[in-house]
Amino acid sequence: MSYVDEIVGEVVAKNPNEPEFHQAVREVLDSIRPIVDANEKSFRRDALLERLVNPERQIKFRVPWIDDNGDVHVNTGYRVQFNSAIGPYKGGLRLHPSVNLGIIKFLGFEQIFKNSLTGLPIGGGKGGSDFDPKGKSDREIMSFCQSFMTELCKYIGADTDVPAGDIGTGAREIGFMFGQYKRMRNLFEGTLTGKGLSFGGSLARTEATGYGLLYITDALLRAHDIDISGKTAVVSGAGNVAIYAIEKAAQLGAKAVTCSDSTGWVYDPDGIDVAALKEIKEVKRARLTEYTSYRPNAEYHEGRGVWSVKADIALPCATQNELDVEDAKALVANGVIAVCEGANMPTTEAATKYLQDNGVFFVPGKAANAGGVATSALEMSQNSERMSWTFEEVDSKLKNIMENLYANIDDAAKRYGFEGNYVAGANLAGFEKVLDAMNAQGIV
């Protein structure tokens, strides 16, 4: 049995009931087989893959908080510090009922390679809680965030671990967490990113993941002599990533015609109205059912259905495993050119293979949605310098990072005989840098 297959088997056996983590490990290790097979003797001797798939540290803790009625609730908090070979742990804090250790490990493992691909000195980590911010008052959110950070602050810091936002963790939550971190540690430092502009946040951070997704999509299409202008895109999600992907698509001359949330989806043949979407989701924090009151020509549908709409480009920006093989078949039948992931692993393994087998350009999330963490790292740099850069400066750096990232994954895919396979290219390019750093630092 090959070294890769042994380690995948060990991961499944030692981490039962964590299918997302198994999926992430299998996908990455399958992609890096050329490097592993060429170095199998030394990798086995140094337990290289065992060290790669085992987090450096896993933290799990209870989070008691008090609601507006005076009742106490207890949630579970997590932080998985996966790999610090190339820099401090960096990765978001997800607040969602679906959060468990397996989800956090899957996200943290993916983050290692995503962060490596940015070219910036940041390692991989992830955290969060099964707390659901939906329907909670600001007081209840603050109560939870303060309790969560009272424990988490013992394990993080500007040069150790720098969390950020994720699903359920926006500017409000980051603000409350930062305030409690400062209170507990008596330090005003850049240990959280996604902060408000008045206390160390970066311009363009809110837009970064969505904008970065379109920058790499544009780079991909240009490399194949295709103009993004005039193309139609289907987008899932209605959070930061989806909103700003839709906005940047319009700026590049493309038209996004769908978005979705947990209850349904919208089809707007004239193009999604970003101002209306921001009003509904960022101001009112309401459901997409309200969209048709802004745009009478649009259609609202319950459930799923975004991927049934004919388009040139598909941008899944909601959550993991939201695009399955039946969706992939619908996209191919409708003539989709490219699928670029705005969320973390939103496409199932079977769907990814179907898209690739049918000639669709497919860029995985660890590359396509790296704009968010790249701009978080730029926020860290600004915090270290006690400086603030203009929106244009940050956006320009983001665009360069995403265009270089595409060039690097394309190059790695070609060098290892996988031309056009950007999943393999992303994993190989990300792994090369981490491998070099791990080897240089010894058995740690």
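The model is predicted: local features need pLDDT of at least 70, side-chain atom pairs count only at pLDDT 80 or more, and totals for chains, interfaces and linings use all residues. Residues are numbered from 1 along each chain as its sequence is written, and side-chain values use heavy atoms, with hydrogens and water left out. Helices (H or I, at least four residues) and strands (E, at least two) are DSSP runs numbered from the N terminus. Two strands pair if DSSP finds at least two bridges between them.

**The mixed sheet**

- Five strands form an open sheet in the order S1-S2-S4-S3-S5, and the pairing is mixed.
- S1 and strand S5 (161-164) are at the edges with a single partner strand each, so one side of each has no neighbour in the sheet.
- Neighbouring strands of this sheet are turned by 20° against each other on average, direction ignored; axes are lines fitted to C-alpha atoms, for helices over the stretch in contact, and angles run from 0 to 180 degrees between N-to-C directions.
- S1 and strand S2 (residues 72-83) run antiparallel and are joined by ten bridges; Phe-61 has Gly-77 in S2 as its bridge partner.
- S3 and strand S4 (residues 123-129) run parallel, with five bridges between them, and Arg-94 stands opposite Gly-128 in S4.
- Strand S3 (residues 89-95) is largely enclosed by the rest of the structure, because seven of its seven residues are buried (under 20% relative accessible area, with exposed over 50% and partly exposed in between; 1.4 Å probe, protein chains only).

**The surface patch**

- Ile-66 lies in strand S1 (residues 57-66) and counts as partly exposed, at 47% relative accessibility.
- Ile-66, Val-72 and Val-74 make up a nonpolar surface patch with about 290 Å² of accessible area together.
- Patches take residues with over 30% relative accessible area and no salt bridge, joining like charges within 9 Å and nonpolar side chains (Val, Leu, Ile, Met, Phe, Trp, Tyr) within 5 Å.
- Accessible areas come from the Shrake-Rupley method with a 1.4 Å probe, and for residues only the protein chains shown count as cover; a salt bridge is a side-chain nitrogen of Lys or Arg within 4 Å of a carboxyl oxygen of Asp or Glu.

**The parallel sheet**

- Another open sheet of five strands has the order S7-S6-S11-S12-S13, with parallel pairing.
- Strand S6 (residues 232-235) is joined to strand S11 (residues 313-315) by three bridges, and Ala-233 has Ile-313 as its bridge partner.

**Helix H17**

- Buried residues of H17 include Val-394, Leu-398 and Tyr-406.
- After H17 comes Gly-417, with a positive phi near 80°.
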